[in-house]
Structure formats: C-alpha cells, structure tokens
Amino acid sequence: MKPHCLLPALLLLAPPVLADETAEICAEAEQRYVDLFGQPSSAVEDAEVVLMYKYNFCPGQLTVKAGTTVRWMNVDKRTSHSVLLKDGSEPESDRLFPEESVDLTFLAPGPQEYLCGPHWETQNMIGMITVEP
C-alpha cells in the first residue's frame with residue numbers, strides 16, 4: 001500500500017481536539033471576564049455577551065430573539081479585534097482593544113455570520129448569530 005493512501009485512514013483515527021481546545025479557551029475567556037468585571041458574562045442584563053479571546057469568539061454560535069443586543073467584549077490581554085457582519089449590512093467596528101466592547105442589535109430574523117476583520121483569514125476567527133422571530 002502506498003503511504004499517501006494511509007493518510008485518510010489515520011485522520012479518521014485522530015482524536016477530535018479542536019472542540020476541546022475551543023471549550024478550554026472559552027472557559028479561560030469567561031474566567032478572564034470574571035476577573036476583570038467581578039461577575040460572569042451571563043449576569044449582563046442588557047445584552048448577550050460574546051467574548052473575544054485568543055482568536056476565538058465565545059460562544060462561536062449564538063441564537064437570540066429579534067430585538068436582542070449582542071455585545072462583543074475583548075478580554076484578550078494584548079490583541080485588538082473588530083466585528084464585521086459578513087453581509088456588509090453594518091460597517092466594520094473600530095478595533096476593540098482589551099476591555100473594550102461594541103454592541104449591535106439584531107432585528108431581522110435569520111442567520112448572520114460575522115468575523116474579526118484582522119483575524120478571520122489567518123486565524124479563522126468567524127462566528128454565527130441566528131436571530132429568531
């Protein structure tokens with residue numbers, strides 16, 4: 001058997017580490033939020049919070065009701081991020097430096113893919129909001 005034929009079979013045997021790594025990163029992001037603001041992100045009453053940390057959106061997928069405000073909060077220590085709706089319906093946010101945030105209110109039902117302007121291509125920093133009626 002040729003070595004290149006073994007590669008697909010070996011990939012099937014590889015453990016799924018990506019989901020575990022993302023879960024760990026998002027747990028770290030939440031702890032960083034608590035350290036910074038003294039409460040969990042779920043305690044925010046006027047918005048659903050998406051944390052930006054280590055080139056991830058946490059959570060990466062979120063479902064909200066129409067009329068909900070989503071707040072992206074950068075809890076990284078040194079990296080800046082932005083929020084850009086893939087459909088171009090809103091301009092890209094300013095760069096958010098550590099401890100800065102931006103809010104968007106979603107009115108129209110449907111899926112809304114978004115990304116971090118400076119990091120979506122190199123770090124695959126992409127998220128999804130699904131807006132329900």
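The largest nonpolar core of this predicted model has 17 residues, and those with the most contacts inside it are Phe57, Val70, Trp72, Phe106, Tyr114 and Ile129. A nonpolar core is here a set of buried Ala, Val, Leu, Ile, Met, Phe, Trp, Tyr and Cys residues joined through side-chain atoms within 4.5 Å, where buried means under 20% relative accessible area, exposed over 50%, and partly exposed in between, with a 1.4 Å probe and protein chains only. Two or more residues are given to this core by each of strand 1 (48-53), strand 3, strand 4 (68-74), strand 6 (101-106) and strand 8. Apart from it lies another core, of twelve residues, among them Cys26, Ala29, Tyr33 and Tyr53. In soluble globular proteins, nonpolar side chains tend to be buried together.

Residues are numbered from 1 along each chain as its sequence is written. The model is predicted, so that local features need pLDDT of at least 70 and side-chain atom pairs count only at pLDDT 80 or more, while totals for chains, interfaces and linings use all residues, and side-chain values use heavy atoms, with hydrogens and water left out.

Trp72, one of the core residues with the most contacts, is in contact (heavy atoms within 4.5 Å) with residues including Val50, Phe57, Leu96, Phe106, Tyr114 and Ile129, when its neighbours within four places in sequence are left aside.

Helices (H or I, at least four residues) and strands (E, at least two) are DSSP runs, numbered from the N terminus, and two strands pair if DSSP finds at least two bridges between them. An open sheet of four strands has the order 2-1-4-6, with mixed pairing. Strand 2 (56-58) and strand 6 stand at its edges, each with a single partner strand, so one side of each is left without a neighbour in the sheet. From one strand to the next the twist averages 25 degrees, the axes being lines fitted to C-alpha atoms, for helices over the stretch in contact, with angles from 0 to 180 degrees between N-to-C directions.

| Strands | Sense | Bridges |
|---|---|---|
| Strand 1 and strand 2 | antiparallel | three |
| Strand 3 (61-65) and strand 8 | parallel | five |
| Strand 7 (110-115) and strand 8 | antiparallel | six |

Strand 8 (residues 126-132) has Gly127, Ile129 and Val131 on a covered face, with Ile126, Met128, Thr130 and Glu132 on an uncovered one. Strand 3, in turn, has Leu62 and Val64 on its covered face and Gln61, Thr63 and Lys65 on its uncovered face.

Ser80 is found in the loop between strand 4 and strand 5 (84-85), and at 8% relative accessibility Ser80 counts as buried. The side chains of Ser80 and Arg95 are joined by a polar contact of 2.9 Å, a polar contact being a pair of N or O atoms within 3.5 Å of which, within protein, one must be able to donate a hydrogen and the other to accept it, and for which residues adjacent in sequence count only if both atoms are side-chain atoms. Thr122, found in helix 3 (residues 120-123), is exposed, with a relative accessible area of 62%.
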